[in-house]
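Please consult the sequence and the structure shown below.

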Amino acid sequence: DITLWLITVREGHCSGAGGSCSGRCCEGRDAACVGEGWREGGGYGTCYCDGGCRRAGDCCHDHGQACPALPCAVGEWSHWSGCAEQCQPDLRIRRRYVQQEPRNGGEPCPALEEKAGCLEYLTYQGEDCGHEAFIDLLIIESQYDHTKSTGLGYCVEFKTESLSQHCALENRPYARWMQYLRVGYTVCVACQPPAMNADTHRCSGDGHNADGGKILHWEAIGNSQCQGTWKKIRQLERCSCPLVHSFIFT
């Protein structure tokens, strides 16, 4: 009798009768994804094939094999879009798209859109916008650093000399970083593609030909009234300032 009982149990475990997840994996916690059979951690009884069973500790014995966790997969970044407006500060956008949605509790999808400041120096007709009298240094909080991922680019440290009061008044969610600008602070500005000139491998307004005493002007993307002046301190391979004091040339 004992031998017969062991054989019966083994046959039930191998067949997964009522407790197999094959063909019925569910996202999230789903009470409909239920079976009766052996559980992953041992024991026989009610078991589940949903996305929450692992946390609850009640997965059917073959859940890991039948319902493997698949992370989100995304494609490559698109090229940066052009500026929406001519001859004035604006934003450019690049996107990437989901190639595979996460399944069975896999890693969620990363950000699918990035924005950066931009300024066109020529109109669509090829005419100069007339920015020569002002060294435009358009900045926006950096969310992606090409210098770390590709080895391209460089960083310039500046010391802020003056600051308009409009920076401190900015309270829009995407532009609150302007509130953290202070006179006398050191800020880092990264030069990276596509702002980098293809021939000179430099960014406009980086103070390359300016001595330490020359005042350079800057203006913030998204709020043209937030502007000021600063002096170049030095050029580095990579930026190391706090995030709220880290920006990019455009």
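Are Cys 188 and Cys 241 buried or exposed? Both Cys 188 and Cys 241 are buried, where buried means under 20% relative accessible area, exposed over 50%, and partly exposed in between (1.4 Å probe, protein chains only).

The model is a predicted one, in which local features need pLDDT of at least 70 and side-chain atom pairs count only at pLDDT 80 or more, while totals for chains, interfaces and linings use all residues. Residues are numbered from 1 along each chain as its sequence is written, and side-chain values use heavy atoms, with hydrogens and water left out.

**Disulfides**

- The count comes to 10 disulfides, a disulfide being a pair of cysteine sulfur atoms within 2.5 Å.
- Cys 188 is joined to Cys 241 by a disulfide with an S to S distance of 2.0 Å, and this link is right-handed, with 65° about the S-S bond.
- Cys 188 lies in strand β9 and Cys 241 in the loop between β11 and β12 (246-248), so the pair ties together parts that are 53 residues apart in sequence; strands (E, at least two residues) and helices (H or I, at least four) are DSSP runs, numbered from the N terminus.
- Cys 167 and Cys 226 form a disulfide with sulfur atoms 2.0 Å apart; the torsion about the S-S bond is about 105°, so this disulfide is right-handed.
- Both Cys 167 and Cys 226 are buried.
- The disulfide of Cys 25 and Cys 67 has its sulfur atoms 1.9 Å apart and is left-handed, at -85° about the S-S bond.
- Cys 25 is partly exposed at 26% relative accessible area, whereas Cys 67 is buried at 2%.

**Salt bridges**

- There are seven salt bridges, each a side-chain nitrogen of Lys or Arg within 4 Å of a carboxyl oxygen of Asp or Glu.
- Arg 29 pairs with Asp 58 in a salt bridge whose closest N and O atoms are 2.7 Å apart.
- Arg 29 lies in the loop between α1 (2-15) and β1 (34-38) and Asp 58 in the loop between α2 (53-56) and α3 (63-66), 29 residues apart.
- Arg 94 and Glu 114 form a salt bridge, with 2.8 Å between the closest N and O atoms.
- Arg 94 belongs to strand β4 (residues 90-95) and Glu 114 to strand β6 (residues 113-118), so parts 20 residues apart in sequence are tied together.
- Arg 94 is buried at 5% relative accessible area, and Glu 114 is buried at 9%.
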